[in-house]
Amino acid sequence: MRESTRRLPNYTAPMIFKEVAGMKKYLSFFRLSFTMGLQYRAAALAGIVTQFAWGFLEILVFQAFYQAEPGAFPMTMSATASYVWMQQAFLALFATWMMENDIFDTIANGNISYSLCRPIRIYNMWFSQSTATRVSRAVLRCFPILIVAAFLPENYGMAEPASAWHFGLFVLTLVLGLFVTVAFSMLVYVLTFFTVSPQGVRIVFTSMVEFFAGAVIPLPFFPAGWQKVLELLPFASMQNVALRIYSGSMSGAQMERAVALQLIWLAVLLLLGSGLCRLAEKKVTIQGG
Amino acid sequence: MLLKIKGAVRLYWHYLSINVRCAMQYKTSFFLTALGQFLVSFNVFLGIYFMFRRFRAVDGFTYSEVLLCFSVTLMEFSLAEMFARGFDLFPEMVRTGSFDQVLVRPQNEILQVLGSKFELTRIGRMLQAVVMFWYGVSHSGVDWSFSKIATVIFMLIGGCAVFSGLFLIYAALCFFTLEGLEFMNVLTDGAREYGRYPVSIYGKKMLLVTTFLIPYALVQYYPLLYLLGKDSRPFLIYVPLLAVWFLLPSYALWRFGVRHYQSSGS
């Protein structure tokens, strides 16, 4: 069967079948990591408490600035509050510092050799695993935070989405943003192939990304010139788009451009990451013994 | 008694020197981690910087005054983390059962836990705090006098005590449960992150809580008012020292935990 498909130049039924079967492998990697992630319930509860406190204090900071100079505020207070709560609720989707330690370990201790023997693409396997971990963490944490935040008074809690259309777009950009984030962290994993000590690469990458992605302060709070440049970078395609679309603080043209940029950056990061990964697989040196 | 203290201090120095030599075996790793510490809190600084490009003041505090506030909080925290980090790794000690070894030795167990780890890489954070402090001091027009220098020193002592007390509570809770203790990060990391602004901006209730329950305000807000000349009542100089009381309940909880400790690990 395999022999025959190899000789055929064009896409034929068996080959498509093989492709689907190939997808299935990665779906089961996704499922495995997802169920594994769901097991950490105590950690999730502690995470919820932490995220609540963080969100609450963050909003109080913004409130204090708002009261000091309402005119200088670049978003409405209610949009800012929604931004902060969603940032806390979906932290696990976008936090670049939350990386899979297992992956770093398999590279450092040489266990990667087992995965290299299997008929799978390392890149796809890691991609589906880290997506699953992030989604499972977010699923455990987001609902309590969102529900409570929805009942808080105006300007402190979550507002409703600007419209049904905005909400639909929010969901789409949330997923795209997650993929961009994972694709970016894949670059860090792949780069570890080339430098055995991942610490340096990781620290520089994550702290830079956090800031440029709008995790410290939302991008509209940057000076205009900075904001223009930052919006074009891949980091702005992570959490920034979805969280701002939700509360309607982007105009129609801005939204179109943001989604287009998300798609472009996702394609670029995927190509770059999988290309580098193939290169690394070819010249890989197995560590450990 | 005096001899005992002398012995303890000597042992503490010995622990410290072992840790320094140990860290220096991996110099690159040490400097990279220190750099990482620097970068992480540098993000917080950048956040403040960009907020103040847009706003002139928050709750009556200007940019340089906020930096002064943040730098002192960061110094307090880094000092506590450098020297009381052993408590932070305490869950591991309980999990693996190596706390049993500590208990059978004829030395104070707190001293041994403290000595088990010094996180000297926090020097990266400390360095940043010092630079911000220097900037804050030179731009917010603090009128230096003997009493103001004393205030800063007392702030560092008091703040270090508050954070060490929190680390001690964290360690003491490990005797009862090892799960879900991340919530303590709200009180430690949270205080470092949000202590960048004077406590008063979070509202009256928060000020009350941080004055009487967990005394952050005693080591941050009140003495800051004195430093900046916003309030000149002299008792504010000594307020940070009051925060040292926080070590008492923390220590009591620790003692309670030790007494109820049932060995674990294998």
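How many helices and strands are there in chain B? Chain B contains 14 helices and two strands, where helices (H or I, at least four residues) and strands (E, at least two) are DSSP runs, numbered from the N terminus. The model is predicted: local features need pLDDT of at least 70, side-chain atom pairs count only at pLDDT 80 or more, and totals for chains, interfaces and linings use all residues. Residues are numbered from 1 along each chain as its sequence is written, while chains are lettered from A and ligands numbered from 1 in the order in which they are written.

The ipTM of the model is 0.87 and the pTM is 0.86. For chain B, the mean pLDDT (the predictor's confidence in each residue, from 0 to 100) is 88, with 99% of the residues at 70 or more.

Along the principal axes, the C-alpha atoms of chain B fill a box of roughly 60 × 40 × 40 Å. Among the contacts in chain B with a separation of 6 or more, 80% join residues 24 or more positions apart; a contact requires C-beta atoms, placed from the backbone, within 7 Å.

Of the 266 residues of chain B, 40% are buried, that is, have 20 or more other C-beta atoms within 10 Å of their own; 12 or fewer makes a residue exposed, and values in between partly exposed, with C-beta atoms placed from the backbone. B:Val131, in helix H7 (residues 123–139) of chain B, counts as partly exposed because it has 14 C-beta neighbours inside 10 Å. The C-alpha atom of B:Val131 is separated by 9.9 Å from that of B:Leu67, 64 residues apart along the chain.

Notes: Contact = placed C-beta atoms within 7 Å.
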